[in-house]
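Biologist: Can you walk me through this one? I'd like to start with the aromatic rings.

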Amino acid sequence: MNNYVGPIFVGVLGVAVAVAVFALGDAWTAVGVAEGVNPFRDALSQLGVLYVVALLVERSLEVLLKAWRQGGKIRLEEEARSAGEDGRTAAEARLQQYRVGTQRRALLFGLVLGVMVSLSGVRLLGSIFEFGAGTAPFQRDLFQFTDVIVTAGLIAGGSATIHKAMARIEDLLKANRTRAKDS
């Protein structure tokens, strides 16, 4: 199940965008999209920026975790190699548990770095939608909080998740263009 969290998240995000597009049609300006702005083009542009940011975060996490956890991994791999028949299974189980712990730490650190990057201003939704003067401060704050969480999740999910989101949005745009040509 853990292997499918990223694709499930991207799929749910894609379905939500598709439902919004088909339900709202030409009424995008009624929900806060700036006039003259193509939200899909802006989303793809922001996803491109997030892709680069996610690559940088992935690489920095890889270096940090390797420096921190590589010694323990090498020690456990050596124990597994040198263990006899009786101890090999237990040593391999410890090595597997160590790897799972490293993956868990990588995801947690990725999320923390994603939140930090998002709080510093790199966000997905804020560049697409804009609020009018009559919008309640609570609604703006809730939107910014949601934007930080969504962006941090995308960054923590890594560049592969963002690449899949970009591909799905691009496929949706192509399908809409094809449908518009046929009409």
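Biologist: How many aromatic pairs does the structure hold?

Modeller: This is a predicted model, and the structure holds 1 aromatic pair. Trp 68 and Phe 109 form that pair, with ring centres 5.8 Å apart. Their planes are at 45°, and the pair is tilted.

Biologist: Where in the chain do Trp 68 and Phe 109 sit?

Modeller: Trp 68 is in helix H2, residues 39-82. Phe 109 is in helix H3, residues 85-119.

Biologist: Why does Trp 68 count as partly exposed?

Modeller: Because its relative accessibility is 49%, and exposed begins over 50%. Phe 109 also counts as partly exposed, at 33%.

Biologist: What lies over the face of Trp 68?

Modeller: Arg 69, at 5.8 Å from the ring centre. Arg 69 lies over the face of Tyr 98 too, at 3.9 Å from that ring centre.

Biologist: New topic. How many helices and strands are there?

Modeller: The protein has 5 helices and 0 strands. Along the sequence that reads α-α-α-α-α.

Biologist: What span does H5 reach?

Modeller: H5 covers residues 159-182, 24 residues in total. Its first and last C-alpha are 34 Å apart, close to the 34 Å expected.

Biologist: Which residues of H5 are buried?

Modeller: Ser 159, Thr 161, Ile 162, Ala 165, Ile 169, Leu 172 and Leu 173.

Biologist: And what share of the whole protein counts as buried?

Modeller: 28% of its 183 residues. The accessible surface is about 11,800 Å², with 61% of it belonging to carbon and sulfur atoms.

Notes. Residues are numbered from 1 along each chain as its sequence is written. This is a predicted model: local features need pLDDT of at least 70, side-chain atom pairs count only at pLDDT 80 or more; totals for chains, interfaces and linings use all residues. Side-chain values use heavy atoms; hydrogens and water are left out. Rings of Phe, Tyr and Trp (its six-membered ring) pair if their centres lie within 6.5 Å; planes under 30 degrees apart count as stacked, over 60 as edge-to-face and the rest as tilted. Helices (H or I, at least four residues) and strands (E, at least two) are DSSP runs, numbered from the N terminus. Buried means under 20% relative accessible area, exposed over 50%, partly exposed in between (1.4 Å probe, protein chains only). A charge sits over a ring if NZ of Lys or CZ of Arg is within 6 Å of the ring centre and within 35 degrees of the ring normal. The expected span of a helix is 1.5 Å times one less than its number of residues. Accessible areas come from the Shrake-Rupley method with a 1.4 Å probe; for residues, only the protein chains shown count as cover.
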